Each structure stands twice: as structure tokens, then as C-alpha cells.
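Here are some exercises to work through with the model open beside you. Try each task before reading its solution.

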Amino acid sequence: MAWADRVTSVRRRSLARWAARPSAAVWRMDGVLLVAVIALCVIGTLLVWSSTRTWAPDSTGLMKKHLLNVAIGATLMAVVAMVDYRWLRAYAPMIYLVSLAGLVLVLTPVGSTINGSHSWILLGGGFAVQPSEFAKLGLVLLLAMLLAEPVEGGDRPRAADVAFGMLATALAVGLVMLQPDLGTAMILGVILGGALLVGGVRKRWLATMGLAAVGAVVVVWYLDLLEPYQVARFTAFLTPSVDPRGVGYNSTQSLIAIGSGQLFGKGLFEGGQTTGRFVPEQHTDFIFTVAGEEFGFVGSVTVVLLLGVVLLRGLRIARRCEDRFGMLVAGTIVCWLGVQTFINIGMTIGLMPITGLPLPFVSYGGTATFTNMAAAGVLQAVHMRERTI
């Protein structure tokens, strides 16, 4: 029997076993990772409730809608976890192309502008989709597929595959920058860098990527491609006191909210900064300020530790996976979630410039929640089959 036929036969038998024993699959999930994700979603729901109850139409604010998003995301996570992740390797190009089509569609009259970024497609009923979030996972799968095939007799990816991966990333980044959405473009670049590091490419490729990134920054700045509000964010980051009532307002109010919580916080629903809506977008990009004010230092550290648990379990899954594609997928997802977490929390405490990136598993949002939960599902899928080649 040919090798391809044997692989197909093994996969069919594997599918039959998993379909016949769904309960066994559930018990093989990474329980620590699952509990950490659930805990973050619960905390996020409480924070969304507190930060929206005073201005949203219902007394519960946007909590019910957020719970719906979390429920859909949890279902998506479970479905993805039950799928043999190696199937994703075959469908990775299709998933990437679909996400790319979404990025193109949002630039047409179908797309809508929210908070200065033309990144959304309104669905009606108060629901909207942000295709750039799906592009993150699509790019992860495509890069893992490309870099999973090493050169003959070696363990490094082929040069042509690395070059194609960089081209695919550049195409996605270019479409995102047309929206413009600098934060998401940065994460797409991080995904590429993470995939190259995990894939063990030669240093010259990493140097090339670094030079390309520097060149892109120079071009964007020289051609004045940034929107005025984006320039203002960088100005506020470099000099927070330059205009505390203008460009520096978000940073100043964010630090006040977090600092006022002190050790144990003011209590849920008791935060003056949160109730008074002094910090803009406090239920999405600045949700960590709600944790700092109402749960204090202890609560903030708890959120950080839970996010750290997710990342550590992801690294453990990547390290133990005997399949190169699974290792690349898990490792790249960890890089993506880790850097996005650092940027989000960093911007609330003055370590990073303000970007429109939500806190994974905590911030209010539909598309971002679905994508993050699907990424957690992929980690679970790799974990449950990490030693079944």
C-alpha cells in the first residue's frame, strides 16, 4: 500500500474512533487550559456588565449580548477541538483565501467605519463582523502549512515556502492597513515572526523580515499614511502630559482608574471612573482598567496569571506535539495571543501606545471572541492528538 493510502486509512480510522467516542475526546482535553479560558470569560462578563450597565439600554448593559458571544465562541471552541487538526492543513489555503476575501469586502461600500477604522461589516440587529480578526487565524494556519514541510534531509523550512509565507502576510497586512487598522497589522506581523521562530528558519530570513518591517514603518511615516488620530496616539505615548484633556486623555484616565483600585479594588459596580465613563471604550480595548479599579492589584494580577496559564499550556502543547504542523500552529497561536495581551495591558499602564486591540477572552466583542475561542479550540485539538501521528 502506498504511503498516501496508508495515511488516508489511518485518518479514517482515527475519525471513526473519535466519532464513536466523543466523551473520550472531551476527557482528553487540557483541563487546565479549559478552566483558565472559562475563568477569563467569566471575569470578562462581570467587567463588561460593570462598564456598560450605566449607559446601555438595559440595566444589565451589554452583558447578555456578551454572554451570547461567549456561548457561540464556546460552541465553536468545542467543535474545533473535536476536529482532527491535521485536516486543517489541507484546508489552510481555503481558510486563508476566505479571510482575505473578507478583508477585500470590508473595503467596498459593504464595509462600515467604527472608531475611525473601516474594518466592519454590519449584519443588522446590533451585530457586526470584523474580518481582520478571522484573518489572524487564517494566516496562522497557512504559515504552519507552508513551514511544516522541511527541506529534504533537514529540519528547516524551504526557502520558497518562507518567501511565499512572507508574501501572504504582506498581502493581508496591506489590506488591513487600507482600513486602516495598525493594531491588527502589527499582530499579523507578529504571527509571521512567531511562525518563523517556531519553524526554525535561518537567521537571514528573520533579518530580512526585520528590515522589511523597518522599511514599512519609514514608508508609512514618510508618505503620511497614518490617520491623525493614530499620530495623536503615538504623541500621547511619547509625551503623556502634552495634552491631558486631548490626545493624552485616554492614557491619563486609564492610569487614574487602575491606580485608584489600590490593592483590593473598590468592588464590583463601585468604580467611580468606570461608572462615570471617564475612560473611553472601557468595555473593549480598556477593559483592564475596570479590573484594576474594581478588583484592585490582586484582581489585575489574577487576570494576568490566568492569561499566563493559557500561554504556558499552549507552549506545553507545542513542545510535546510530535507533528511539525501541530507544533507550528500551537506555537504561533501562543505568540499571537501573548503579544496581543502584552500590547493591550501595556497601553493601559503607559508601556505601549494606544491601539485598538482587545484583551483576549476578556474584552467585549463578537468576532474577536469567536476567533480567540476558535484558537483555544485548535490548541485543544492539537493537545488531544499530539501523540497520534
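Helices (H or I, at least four residues) and strands (E, at least two) are DSSP runs, numbered from the N terminus. This is a predicted model, in which local features need pLDDT of at least 70, side-chain atom pairs count only at pLDDT 80 or more, and totals for chains, interfaces and linings use all residues. Residues are numbered from 1 along each chain as its sequence is written, and side-chain values use heavy atoms, with hydrogens and water left out.

**Exercise 1. The chain as a whole**

Task: Find how many helices and strands the protein chain has, and what share of its residues count as buried.

Solution: Start with the elements: there are 15 helices and three strands in the protein chain. Next, take burial, where buried means under 20% relative accessible area, exposed over 50%, and partly exposed in between (1.4 Å probe, protein chains only). Of the 389 residues, 49% count as buried. Finally, turn to contacts, meaning heavy atoms within 4.5 Å. Among those between residues at least 6 apart in sequence, 73% join residues at least 24 apart.

**Exercise 2. Two helix pairs**

Task: Work out how α6 and α7 are oriented to each other, then treat α3 and α15 in the same way.

Solution: Two packed helices are described by the angle between their axes and the distance between the axes. Axes are lines fitted to C-alpha atoms, for helices over the stretch in contact, and angles run from 0 to 180 degrees between N-to-C directions. Angles under 35 degrees count as roughly parallel, over 145 as roughly antiparallel, 65 to 115 as roughly perpendicular and the rest as oblique.

For α6 and helix α7 (residues 159-177), the angle is about 170° and the axes lie 9 Å apart. The two are therefore roughly antiparallel. Residues making this contact include Leu139, Leu142 and Leu143 of α6, with Phe164, Gly165 and Ala168 of α7.

For helix α3 (residues 31-52) and helix α15 (residues 367-384), the angle is about 170°, with axes 11 Å apart. So α3 is roughly antiparallel to α15. Leu33, Leu34, Val37 and Cys41 of α3 meet Met373, Ala376, Leu379 and Gln380 of α15.

**Exercise 3. Backbone details in loops**

Task: Identify which residues a cis peptide bond joins, and where Phe269 is placed.

Solution: Keep the background in mind: most residues other than glycine have a negative phi, and most peptide bonds are trans. The cis bond joins Gln179 and Pro180, with omega about -10°. Pro180 lies in the loop between α7 and α8 (182-199). Then look at Phe269, which has a positive phi of about 75° although it is not a glycine. Phe269 is in the loop between α11 (249-260) and α12 (272-275). With a relative accessible area of 24%, Phe269 is partly exposed. Arg277, likewise not a glycine, has a positive phi of about 60°, and lies in the loop between α12 and α13 (287-320).
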